[in-house]
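Thanks, everyone, for making the time this morning.

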Amino acid sequence: GVAVLATRAEASDADSLREVADWLRDKLGSGVVVLGSVLDGKPMLVAMVSSDLVAQGLDASVIVKGAAKAIQGGGGGRAAEGEETGRGALAHGHRS
């Protein structure tokens, strides 16, 4: 199995959210981290995949692309790190 950590996180900006996701991925050792937050009224997702799982074919950009549909986004990035900023988080009942 693959260790997966997916949760909402409080962050002041996109760089901070990426730093937290990167730190959590390093703590997991081998696994996938997906964090969501609301920044400036818009939802943001960050996915990180450990290098061993990237070598096995897991792709963070694909993970984010699938999850981004829920926040009206498209998703993108690289195999080890993907991110997306969506639209209308507050209209969907989410608060920062």
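Predicted model: local features only at pLDDT ≥ 70, side-chain atom pairs only at ≥ 80, totals over all residues.

One of the positions to look at is valine 38, whose bridge partner in E3 is proline 43.

Staying with E3, which covers residues 42-49, seven of its eight residues are buried, so this strand is largely enclosed by the rest of the structure. Proline 43, which lies in that strand, is itself buried, with a relative accessible area of 8%. If you follow the chain from proline 43 to alanine 70, you cover 27 residues in sequence, while the C-alpha atoms of these two residues are 9.7 Å apart in space.

Now to the helix. H1 runs over residues 14-28, and its 15 residues reach 21 Å from the first C-alpha to the last, close to the 21 Å expected at 1.5 Å a residue. At the N-terminal end of H1 there is a cap from aspartate 13, which places a side-chain oxygen 3.3 Å from the backbone nitrogen of aspartate 15. Just after the helix, glycine 29 takes a positive phi of about 85°.

Which residues of H1 are buried? They are Leu17, Ala21, Leu24 and Arg25, and because they cover an arc of only 105° around the axis, they sit on the same side of H1. The buried residues of the helix pack against strand E1, residues 4-8, as well as against E2 and E3, whereas on the other side of H1 we find Glu19, Trp23, Asp26 and Lys27 exposed.

Arginine 25 has a relative accessible area of 14%, and because the cut-off for buried is under 20%, it counts as buried. Its side chain is joined to that of aspartate 22 by a polar contact of 2.2 Å. Leaving aside residues up to four places away in sequence, arginine 25 touches Val33, Met48, Val49, Ser50 and Ala80.

That is where I will stop, and I am happy to go back to any of these parts.

Definitions and conventions: Residues numbered from 1 in each chain as written. Heavy atoms only, no water. Buried < 20%, exposed > 50% of the residue type's maximum accessible area, 1.4 Å probe, protein only. Helix = DSSP H or I, 4+ residues; strand = E, 2+ residues; numbered from the N terminus. Pairing = 2+ DSSP bridges. Expected span 1.5 Å × (residues − 1). Arc of directions from axis to C-beta. Contact = heavy atoms within 4.5 Å. Polar contact = N/O pair within 3.5 Å; in protein donor to acceptor, adjacent residues only side chain to side chain.
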